[in-house]
Amino acid sequence: MEMFFYLVFGALGAVVAALELSKTNKDRINTSSAFNSFKNNYLLVYSLMMAGDWLQGPYVYYLYSTYGFGKGEIGQLFIAGFGSSMLFGTIVGSLADKQGRKRACVTYCLTYILSCITKHSPQYKILMIGRILGGIATSLLFSAFESWLVAEHNKRGFEQQWLSITFSKAIFLGNGLVAILSGLFGNLLVDSFSLGPVAPFDAAACFLAIGMVIILSSWTENYGDPSESKDLLTQFRGAAVAIASDEKIALLGAIQSLFEGSMYTFVFLWTPALSPNDEEIPHGFIFATFMLASMLGSSLASRLMARSPPRVESYMQIVFVVSSVSLLLPIVTSFLVAPSNVKSGGISFSGSLQLLGFCTFEACVGIFWPSIMKMRSQYIPEEARSTIMNFFRIPLNIFVCVVLYNVDAFPITVMFGMCSIFLLVASVLQRRLMVIADKPSEFNPCTILFAI
C-alpha cells in the first residue's frame with residue numbers, strides 16, 4: 001500500500017489525539033455522577049447498535065455478488081432497503097412515540113437480527129425480505145434511540161446543555177471508533193479467518209443481541225403521546241401540522257435531507273472517483289481513514305458545543321459551505337489535472353487531491369451529526385419526535401432511490417456538482433434558521449413545500 005495512505009491516516013490520527021488531549025476546562029462541561037452513569041450506559045448501547053450496523057455495510061454488496069447476483073439485481077435489493085425505510089419508517093416512528101421508545105429500540109434489535117439471519121440464504125426472495133427488514137431497522141436506529149435519549153434526559157432533570165456531550169461522544173464512538181474497529185474486525189473474520197462473507201452478519205447479530213439485553217435490563221420506558229384516542233393517521237396529521245406551522249422545523253427537515261442526501265450519494269461515488277481507471281486502492285483502509293476524519297469532526301463539534309458562542313445555528317453555515325467546496329474537487333481536478341490513462345496501478349495525483357477533499361467532507365459529517373441532533377432536541381416537539389424525524393427521512397430515501405436507479409445515467413462530475421449545490425442550499429437555509437431561531441414561529445409555504 002502506498003505511503004500516501006499511511007501519511008493521511010497518521011496525520012488525521014495525530015490531530016484527533018492532539019485535540020482530545022489538549023482539551024481545557026473551557027472545552028469541558030462539569031456534570032454530575034448520575035448523568036455520567038446515564039451517559040455511559042447510553043453510549044455503550046449505542047456503540048453496540050452501531051457495531052451491528054457497521055459490520056454489515058462493507059459486505060452487503062460482496063455477499064450478494066458471491067451468491068451470483070448481477071449489478072441490476074443487487075441494485076434492486078438496495079433500492080428495496082431504502083424504499084422500505086421510506087414507506088415503513090414513518091409508521092414505525094409513530095408507533096415508537098405511541099407504544100414506547102424503549103420498545104422501539106428492542107424492535108430495532110430483533111428486526112436487524114432477523115435481517116442478518118436472512119443473509120444465510122442465497123434465495124433472492126429471502127434476501128429481499130432481509131433488505132425490507134433492514135430498511136425498517138434503519139428508520140428505528142436513526143429515530144427511536146435519539147428520541148428515547150432526549151426524553152429520558154429531560155425526564156431525569158439533567159441540564160439541557162449536557163445533551164451535547166452525549167451527542168458528540170455518541171458520534172465520536174459510534175460513527176468513528178466503532179466504525180473503524182468494525183471494519184477491521186469484519187476483515188479479520190472474512191480474510192484472516194476465512195469464515196466467508198456471511199460471518200460479519202453473524203457477528204453483528206451477536207452485538208445486537210448483547211445491546212438488546214442491556215436495554216431490557218437497564219432502560220426505562222418513555223413515550224411521545226401515548227393517548228389511546230390517537231390513531232396513526234391522527235399522529236401523522238399532527239406531525240405534518242407541526243412541520244407546516246413551524247418554519248424552524250420545516251427548515252431543519254430540509255437541511256437534514258439535503259445534507260444526508262449528499263452524504264449517501266458520496267458513499268456511492270467515492271470509489272469510482274478515486275479509481276476511474278481501475279487503480280488499485282485499499283478500500284478498507286480508505287474507509288477507516290474516512291471514519292478517522294469523522295472522529296476529528298465530532299471532536300471539533302464537542303468543543304464548539306461546549307462554548308456559548310458560536311451557536312450551532314451559526315457555525316453550521318460554515319460547515320455546509322466547506323463541505324460543498326470539498327465535493328467540488330472532482331470537478332476542479334478534472335479541469336486542472338491531466339487525466340491518467342494508466343490502467344490499474346496506484347492512486348493518481350488527482351485521486352490523492354480528491355482523497356484529501358473527501359476527508360474534509362467526512363470531518364464535516366462528523367460535525368454535522370451531533371450538531372443536527374442538538375438542533376432537533378431544541379426544535380422538534382417531544383410528543384411526535386420519532387414521527388417527525390422519520391418524516392424528514394422520506395425525501396432523503398426518495399432521493400437515494402432515484403440516484404441508485406440512475407447512477408450510470410450521469411457523469412460522476414455532474415453528480416458531485418449536484419451534491420455541492422445541495423450543500424450550498426443547506427447553508428442558505430441554515431442562515432434562515434439562525435435568523436428566525438429567536439423569533440415566534442412563522443408560516444412559510446415555500447419553505448414547507450421544499451422541506452416536505
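Modeller: S371 lies in helix α15, residues 349-379; helices here are DSSP runs of H or I of at least four residues, numbered from the N terminus. This is a predicted model, in which local features need pLDDT of at least 70 and side-chain atom pairs count only at pLDDT 80 or more, while totals for chains, interfaces and linings use all residues. Residues are numbered from 1 along each chain as its sequence is written, and side-chain values use heavy atoms, with hydrogens and water left out.

S371 counts as buried because its relative accessibility is 0%; buried means under 20% relative accessible area, exposed over 50%, and partly exposed in between, with a 1.4 Å probe and protein chains only. Leaving aside neighbours within four places in sequence, S371 is in contact with A301, M305, V312, Y315 and M316, where contact means heavy atoms within 4.5 Å.

One of these partners, M305, also takes part in the meeting of α12 with α8. Helix α8 (residues 163-192) and helix α12 (residues 283-306) pack with their axes 8 Å apart, at an angle of about 170°. Such axes are lines fitted to C-alpha atoms, for helices over the stretch in contact, and the angles run from 0 to 180 degrees between N-to-C directions. The two helices, α8 and α12, are therefore roughly antiparallel; that word covers angles over 145 degrees, while under 35 counts as roughly parallel, 65 to 115 as roughly perpendicular and the rest as oblique. From α8 the contact includes F172 and I180, and from α12 it includes F287 and M291. The residues of this contact divide into 11 nonpolar, 8 polar and no charged. Here Ala, Val, Leu, Ile, Met, Phe, Trp, Tyr, Cys and Pro count as nonpolar, Asp, Glu, Lys and Arg as charged, and the others, Gly among them, as polar.

Helix α12 also holds A293, which counts as buried because its relative accessibility is 0%. Not counting residues up to four places away in sequence, A293 touches L12, C359, E362 and A363.

Another partner of S371, M316, belongs to the contact of α13 with α17. Helix α13 (residues 312-326) and α17 pack at about 170°, with axes 8 Å apart, and are therefore roughly antiparallel. In α13 the residues involved include F320 and V321, and in α17 they include L424 and R431. This contact has 8 nonpolar, 7 polar and 2 charged residues. Helix α17 spans residues 412-436 and contains V435, which counts as partly exposed because its relative accessibility is 38%. V435 and L292 are 143 residues apart in sequence and 33 Å apart in space, C-alpha to C-alpha.

At the level of domains, the assignment gives domain 1 (40-222) and domain 2 (230-438); the bounds come from an automatic or database domain assignment. Their C-alpha centres lie 20 Å apart. The contact takes 41 residues from domain 1 and 42 residues from domain 2. Between them the domains bury about 3,700 Å², 66% of it on carbon and sulfur atoms; this is the accessible area (1.4 Å probe) that two parts lose on being put together, summed over both.
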